[in-house]
Amino acid sequence: MKNTIAPVSAKVAGQIVELVVDDNQSVKEGQLLARIDPRDYKVKVEQARAAVAIAQSRYRAAGERITLDRARAHGQLTQARASALSAESSRHSARDAVASSRAVVASRRAAVMSVKSELDRARALAERAAGDYRRARELFGKELISRQELEHAGVSAMSIEDTSL
């Protein structure tokens, strides 16, 4: 090897705490020349470790928030589905109640119509019986029918009136 004098420069900045070689001393490649104060680097390493720990903590917290948000969203979705089913059930119940009410109304209308029809029939029978009784009185007055036939017409008219009331 040839002796060469070369300028030396550090790759890292820092305070030298110990110079291992003397001025103009021969050195070999890779030989330690000086020691730099490690306190600044140790502080930077600790800061970097703290930053990593904070980032890891934030990462875990974000993961937990995501899990919690997923669970909350799933719960809300389940609740929304249950509400939709309940609303659908209520809608069907209301529709069934309306249909049932309509059927009741139709049934009652039919009953009213039936009663009106019966009433009309009873009135017609009463009018007929009253007419028969009037005619029987006229015929009795002319002595064309017997008292028994007159009484029979009167009883029929009265029984029909009593029935129709």
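Q: How is a salt bridge read, and how far apart are the closest N and O atoms of Arg 91 and Glu 88?
A: A salt bridge is a side-chain nitrogen of Lys or Arg within 4 Å of a carboxyl oxygen of Asp or Glu. Arg 91 and Glu 88 form such a pair, and their closest N and O atoms lie 2.6 Å apart. The model is predicted, so local features need pLDDT of at least 70 and side-chain atom pairs count only at pLDDT 80 or more, whereas totals for chains, interfaces and linings use all residues. Residues are numbered from 1 along each chain as its sequence is written, and side-chain values use heavy atoms, with hydrogens and water left out.

Q: Where do Arg 91 and Glu 88 lie relative to each other in helix H1?
A: Helices (H or I, at least four residues) and strands (E, at least two) are DSSP runs, numbered from the N terminus. Because Arg 91 and Glu 88 are three residues apart in helix H1, about one helical turn separates them.

Q: How many salt bridges does the structure hold?
A: There are six salt bridges in the structure. Among them is the pair of Arg 49 and Glu 46, whose closest N and O atoms are 3.1 Å apart. Helix H1 covers residues 39-141, and since Arg 49 and Glu 46 are three residues apart in it, they are separated by about one helical turn. Arg 49 is exposed, with a relative accessibility of 54%, while Glu 46 is partly exposed at 45%. Another salt bridge joins Asp 69 to Arg 72, with 3.1 Å between the closest N and O atoms. Asp 69 and Arg 72 are both in helix H1, three residues apart, which is about one turn of the helix. Asp 69 is partly exposed at 42% relative accessibility, and Arg 72 is partly exposed at 43%.

Q: In which order do the elements run from the N terminus?
A: The protein has two helices and two strands, and from the N terminus on the order is β-β-α-α. The radius of gyration is 59 Å, well over the 15 Å that the globule rule gives for 165 residues, so the protein is more spread out than a compact globule. That radius is taken over C-alpha atoms, and the rule is 2.2 Å times the number of residues to the power 0.38. Along the principal axes, the C-alpha atoms fill a box of roughly 175 × 25 × 15 Å.

Q: What share of the residues counts as buried?
A: Of the 165 residues, 7% are buried. As for contacts, which are heavy atoms within 4.5 Å, residues 24 or more positions apart account for 28% of those with a separation of 6 or more.

Q: Where is Glu 143 found, and what phi does Glu 143 have?
A: Glu 143 is in the loop between H1 and helix H2 (147-164). Its phi is positive, about 60 degrees, although Glu 143 is not a glycine. With 70% relative accessibility, Glu 143 counts as exposed.

Methods. Buried < 20%, exposed > 50% of the residue type's maximum accessible area, 1.4 Å probe, protein only.
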